[in-house]
Amino acid sequence: MTLFTDLGLAEPVIRAVTAESYTTPTPIQSQSIPIILEGHDLVGIAQTGTGKTAAFVLPLLHRLAEKRTNPGARGCRTLILAPTRELANQIAESARVYGKFIRPSVAVVIGGAKPGPQARQMMPGVDILVATPGRLLDHVSTGAIRLDGTDTIILDEADQMLDLGFMPAIRKIMSMLPGRRQAIMFSATMPKPIRALAAEFLRNPREVAVSVESKPIDRIDQRVMLLTGDQKKDALVTLMKESGVERAIVFTRTKHGADKVCRHLEAANIGASAIHGNKSQSQRERALDQFRQGRIKVLVATDIAARGIDVDGISHVVNFELPNIPESYVHRIGRTARAGTDGVAVSFVEPAELTYLRDIERLIGKQLIPGGAVPVRGLNPPHLTRGQNQRGGGGQNRNAAAQKPGHSRPQSRNHAAPARGRSDGGRAAGRVS
Ligand code: AMP
């Protein structure tokens with residue numbers, strides 16, 4: 001078994017992870033950290049929840065502990081690019097937490113916040129800059145930030161940046177960096193355009209991937225509840241009041257749906273808050289803080305708003321509605337069972353959503369309800385099925401479920417898909433749906 005002390009990290013870095021009660025490095029950490037410390041370029045294939053942030057932040061901090069060079073006015077020694085504001089904030093927070101005995105200067109430059117304070121923060125130069133691509137370019141064009149002294153670049157969640165149309169902005173940023181630099185890219189998936197990006201900007205990169213077996217999804221107890229649409233709200237209240245539900249994220253497909261679910265929970269005296277694109281940055285941050293501190297039990301979110309959210313100790317993820325993009329299911333349920341803990345994911349499925357369920361089952365290679373369509377009969381116990389439990393008594397109702405509408409996908413469901421090829425040069429950094 002690899003230990004943090006085997007990885008060659010400086011003592012103040014080890015002390016910080018020990019203070020976080022991390023006992024051993026996760027697989028992505030034990031594979032990536034030595035490669036980064038040796039100065040190689042790296043492509044890491046890992047989802048959020050695998051510990052990938054520490055995999056790239058710890059070596060950066062190690063380097064700062066070893067040798068602190070002056071980044072120069074308006075410059076940054078390390079640049080980390082992230083697709084969303086939330087993720088950028090979280091990476092910066094991780095750098096502060098893991099860097100508490102090194103005290104690096106860390107700045108965050110993201111859309112949706114005032115540019116003035118960001119520019120002022122950058123004036124003396126910083127060790128680590130975490131940015132979304134569009135806002136970073138805005139600052140570069142006004143001269144508030146310079147990238148000619150940056151020796152390390154990290155692209156986090158590269159596939160999401162591609163989905164959000166940030167590729168032109170990333171190309172521009174990469175062209176502004178010095179020729180001698182270390183480049184590291186992390187992505188949950190490796191579609192062709194991401195491979196092409198790696199080939200274009202990384203030199204002789206090493207590649208690491210967390211094996212399928214260690215994917216957190218295997219540790220998640222995935223359950224399905226078959227309900228009619230109007231039973232869902234009450235079922236949610238019942239579920240949230242069950243013992244064992246400590247902290248839950250509830251996913252809805254629409255902003256409006258998130259607000260409605262949130263109101264219903266509050267009416268039932270369950271502390272809840274919603275985050276989505278109609279909420280201001282400060283409202284979202286407040287909701288996240290309350291959730292992190294345990295002052296509210298439930299966070300209701302749309303897919304894009306929840307992207308990159310990293311809160312420890314989420315015991316339950318509830319799919320109030322199934323996503324129409326099967327990959328989103330994996331992203332959603334990965335909010336629980338992070339880095340070695342177990343968690344429960346419950347999906348409320350109404351007849352019209354059975355097609356989505358099938359798509360998800362195909363993607364994850366696992367039947368969530370063995371034996372195909374099953375009956376929808378009130379809140380028929382057991383409410384929470386783990387597949388087999390639902391098997392019995394399918395009989396004639398099985399057909400009833402299969403004949404319900406929903407086998408053609410309503411257009412309106414596609415609204416949540418991220419726009420590709422945005423033409424705003426990525427200025428939509430961190431926009432949420
Ligand atoms: P990430 O994949 O970077 O989003 O990390 C997911 C979660 O794993 C975060 O909440 C970290 O606090 C936690 N984490 C990271 N590394 C470790 C580790 N070695 N042991 C335990 N937890 C970890």
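This is a predicted model: local features need pLDDT of at least 70, side-chain atom pairs count only at pLDDT 80 or more; totals for chains, interfaces and linings use all residues.
Six strands form an open sheet in the order β8-β13-β12-β9-β11-β10, and their pairing is parallel. The edges are β8 (220-226) and β10 (272-275), each of which pairs on one side only. From one strand to the next, the twist averages 20°.

Now for the helices. Helix α10 (residues 232-241) lies across β8, β9, β11, β12 and β13, and runs at about 165° to β13. Helix α14 (residues 326-333) also packs on the sheet, where it touches β8, β9, β12 and β13. Its direction makes about 155° with that of β12.

| Pair | Type | Centre to centre | Between the planes |
|---|---|---|---|
| Tyr 22 and Tyr 98 | edge-to-face | 5.9 Å | 65° |
| Phe 320 and Phe 348 | tilted | 6.0 Å | 55° |

Tyr 22 is in the loop between α1 and α2, while Tyr 98 is in helix α4, 76 residues apart. Is Tyr 98 buried or exposed? Buried means under 20% relative accessible area, so Tyr 98 counts as buried at 7%. Tyr 22, at 30% relative accessibility, counts as partly exposed.

Phe 320 lies in the loop between β12 and α14 and Phe 348 in strand β13, so their pair ties together parts 28 residues apart in sequence. Both Phe 320 and Phe 348 are buried.

Finally, rings can also meet charges here: the charged end of Arg 15 sits over the ring of Phe 101, 4.3 Å from its centre.

Technical notes: Residues are numbered from 1 along each chain as its sequence is written. Side-chain values use heavy atoms; hydrogens and water are left out. Two strands pair if DSSP finds at least two bridges between them. Helices (H or I, at least four residues) and strands (E, at least two) are DSSP runs, numbered from the N terminus. Axes are lines fitted to C-alpha atoms, for helices over the stretch in contact, and angles run from 0 to 180 degrees between N-to-C directions. Contact means heavy atoms within 4.5 Å. Rings of Phe, Tyr and Trp (its six-membered ring) pair if their centres lie within 6.5 Å; planes under 30 degrees apart count as stacked, over 60 as edge-to-face and the rest as tilted. Buried means under 20% relative accessible area, exposed over 50%, partly exposed in between (1.4 Å probe, protein chains only). A charge sits over a ring if NZ of Lys or CZ of Arg is within 6 Å of the ring centre and within 35 degrees of the ring normal.
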